[in-house]
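Biologist: I'm new to this one. Can you put it up and walk me through its pockets and strands?
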Amino acid sequence: MNIFKYLAIIFLSVLLAACGSNSSQKKSDFSIKTNTIKGNISNGETLKLTLDNKKNHTIDSVVYVLDGNNIYESTPLQNIKLGKHTITATVFFDNEQEKTATSITILNNELPKVYTYNIINEYPHDITSYTQGLEFFNDTLYESTGQFKESKLRKIDYKTGNVLKSINLADEYFGEGLTILNNKVYQLTWQKGTGFVYDVNTFDKLSSFKYGNSKEGWGLCNHDNTIYKSDGTEKIWLLNKDTLIEEDYIQVYTNKGKIVGINEMEW
């Protein structure tokens, strides 16, 4: 009986290995060459593409695509978003077609602006309040605080430090970013993939929402009926205000590279 068991295991192993070898794809006869430097290029430059035809096929045409849009062999990058992108080339040749791809990183052609500030006033604040998100609305401060078993949503008279309204989050949640739009408070939690929506006046919880491709909740802000969410990476996600679905993202890049750890944001 044991002999049959071992034979069966060997047979399955050989079968899986054979299936694996059959499913492997052959390498493309083509590759994309760019004028980037180690994959990097500035958004003030023009991207230039050529095709390396390794076996000297007779090429009928080539279609280059970046972010779902057709591009040319020479494409100015002024209107292309910063960050990492994949370029695909579909090559038509000898009544066949083949795809190949490469990645590029578009850097900012401007240096980051460095701002200074002056402290013009100071106000009292609860030092036990581990502030993660904050926003002023109708001259009142709304605050989301963190720490497990200590996270809160608060409405505060910032001039006196008095807490006007406060609710606790469940112990398993670590409160994060906060923003207010259309009389609703949107609050993130850190690693649970969940955010909450409240009535701005009563703090009644109206709903909750799940994150999409973003893994964590860090900062929130809004502008023109779009909610912006950071997740600790270089990405800032654009959320639909009604469905809170992550519809798009931007990538924060300087002239040198990406900026990660973006936390609470203000617009």
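Biologist: What volume does the largest pocket have?
Modeller: About 360 Å³. The model is predicted: local features need pLDDT of at least 70, side-chain atom pairs count only at pLDDT 80 or more, and totals for chains, interfaces and linings use all residues. Residues are numbered from 1 along each chain as its sequence is written, and side-chain values use heavy atoms, with hydrogens and water left out.
Biologist: What counts as a pocket, and how is volume defined?
Modeller: On a 1 Å grid over the protein atoms alone, a pocket is an open set of points where a 1.4 Å probe fits, with protein on both sides within 12 Å along at least five of seven lines. Lining residues have an atom within 4 Å of a point. Points are joined across faces, edges and corners, and the volume is the space filled by probe spheres set on them.
Biologist: Which residues lie nearest the centre of the largest pocket?
Modeller: Leu 82, Asn 108, Gln 251, Val 252 and Tyr 253, out of 13 lining residues.
Biologist: And the second largest pocket, how much space lies there?
Modeller: About 270 Å³. It is lined by 17 residues, and Leu 66, Asp 67, Ile 80, Lys 81 and His 85 lie nearest its centre.
Biologist: Which element gives the largest share of that lining?
Modeller: β20, with 4 residues. Strands here are DSSP runs (E, at least two residues), numbered from the N terminus.
Biologist: Switching topic. How do β7 and β8 pair?
Modeller: Antiparallel, over 11 bridges. Two strands pair if DSSP finds at least two bridges between them.
Biologist: What stands opposite Thr 88?
Modeller: Ala 101, in β8.
Biologist: In what order do the strands of the open sheet run?
Modeller: β2-β8-β7-β4-β5, with mixed pairing. The edge strands are β2 and β5, each pairing on one side only.
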